[in-house]
Structure formats: C-alpha cells, structure tokens
Amino acid sequence: MVLLFFLLIKLPVIAFETDGEQFYLKEKAFELSWIHSVEKEEWREFYERDGGTLTLTETHFKTFGAGVPSDGIILPSDDGFVHMRIDRVMDELNLTVSENAQTTIRTGGREIKLYALIDDYETFRISVDYIHLWNYVGGKTL
C-alpha cells in the first residue's frame with residue numbers, strides 16, 4: 001500500500017529545464033531579476049504557480065521604455081521602482097541567462113544565481129511540472 005502511494009502521488013513544482021537537466025523549486029512563488037542590457041538597472045518579475053500554469057503577478061522597473069508592459073496597473077511604491085500589476089497567465093517561460101545580466105531567482109529566503117548554473121546565453125525553460133513523491137524528496141532542487 002505504501003509503495004502504491006509513492007508510485008501514484010505527484011506533487012506540483014516549478015521546473016527549470018536546460019539541456020536535459022532539470023531543477024525544481026518546491027516553493028509556490030519566485031522573483032526573477034536581471035540587469036537590463038540598455039538601462040543597466042535591475043528589473044524584477046514576480047511569478048506564482050497556479051495549478052498547471054505560471055502567473056506573472058507583478059513587475060518592478062526604474063523607467064518606461066521598450067519591453068515595458070503597456071497593459072498593467074501601476075501600484076503605489078516609494079522604493080525608486082515603478083511597480084506594475086500584470087496578472088498574465090502562461091504555460092511556460094523561456095529564459096536566456098547570462099553573467100552580464102546577472103539573472104537571479106529569489107525564493108524562500110534564498111538567492112539562486114542562474115547564470116552560475118549554466119554557460120552564458122544558455123536557456124532555461126520554466127514551467128509547472130508534476131513529479132513523483134520520490135523525486136520531490138530526492139530530486140535536484142534550486
């Protein structure tokens with residue numbers, strides 16, 4: 001009966017996949033940050049796992065320009081960043097990382113430098129996945 005439990009139960013995670021290698025976030029949310037290539041300022045995006053999808057809930061940036069969402073709601077802030085509510089649902093996120101951009105994930109009080117995990121300009125496919133309990137306990141987590 002216990003073996004059957006381990007074989008059938010799958011738990012949701014946020015999966016980061018690159019070249020056949022997969023890492024998992026057990027947390028339900030994460031912050032993605034990077035240094036904008038033109039402005040040389042930090043940008044932040046906030047994602048949540050919602051069922052089988054990811055939702056981009058907010059973005060924080062310093063100035064308006066190319067690539068800034070035009071359909072978000074500006075939120076009050078006093079930290080020097082423009083805060084914008086987005087609430088955009090997506091099945092996956094394809095992310096190119098680099099040391100130059102300092103692509104970083106923050107979650108659960110941790111900071112994970114994605115650019116230190118793979119070569120410059122390699123990509124991560126980020127999505128929600130359901131994994132078996134034994135992978136949840138012993139899999140590669142970020």
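Student: What makes Asp19, Glu99, Asp119 and Asp120 a negative surface patch?

Tutor: Asp19, Glu99, Asp119 and Asp120 form a negative surface patch. Patches are made of residues with over 30% relative accessible area and no salt bridge, with like charges joined within 9 Å. Asp and Glu count as negative, and a charge is placed at CG of Asp or CD of Glu. A salt bridge would be a side-chain nitrogen of Lys or Arg within 4 Å of a carboxyl oxygen of Asp or Glu. The model is predicted: local features need pLDDT of at least 70, side-chain atom pairs count only at pLDDT 80 or more, and totals for chains, interfaces and linings use all residues. Residues are numbered from 1 along each chain as its sequence is written, and side-chain values use heavy atoms, without hydrogens and water.

Student: Why is Glu99 called exposed?

Tutor: Exposed means over 50% relative accessible area, buried under 20%, and partly exposed in between (1.4 Å probe, protein chains only). Glu99 has 51%, so Glu99 is exposed. Glu99 sits in the loop between strand S8 (92–96) and strand S9 (104–107).

Student: Why is Phe61 called buried?

Tutor: The relative accessible area of Phe61 is 0%, so Phe61 is buried. Phe61 belongs to strand S5 (residues 53–61), a strand being a DSSP run of E with at least two residues.

Student: Which residues does Phe61 touch, not counting residues up to four places away in sequence?

Tutor: Phe61 touches Glu42, Trp43, Val68, Phe81, Val82 and Met84, where contact means heavy atoms within 4.5 Å. The C-alpha atoms of Phe61 and Val82 are separated by 5.3 Å.

Student: Why does Glu31 count as buried?

Tutor: Glu31 has 14% relative accessibility and therefore counts as buried.

Methods. Patches are made of residues with over 30% relative accessible area and no salt bridge: like charges are joined within 9 Å, nonpolar side chains (Val, Leu, Ile, Met, Phe, Trp, Tyr) within 5 Å. Accessible areas come from the Shrake-Rupley method with a 1.4 Å probe; for residues, only the protein chains shown count as cover. Helices (H or I, at least four residues) and strands (E, at least two) are DSSP runs, numbered from the N terminus.
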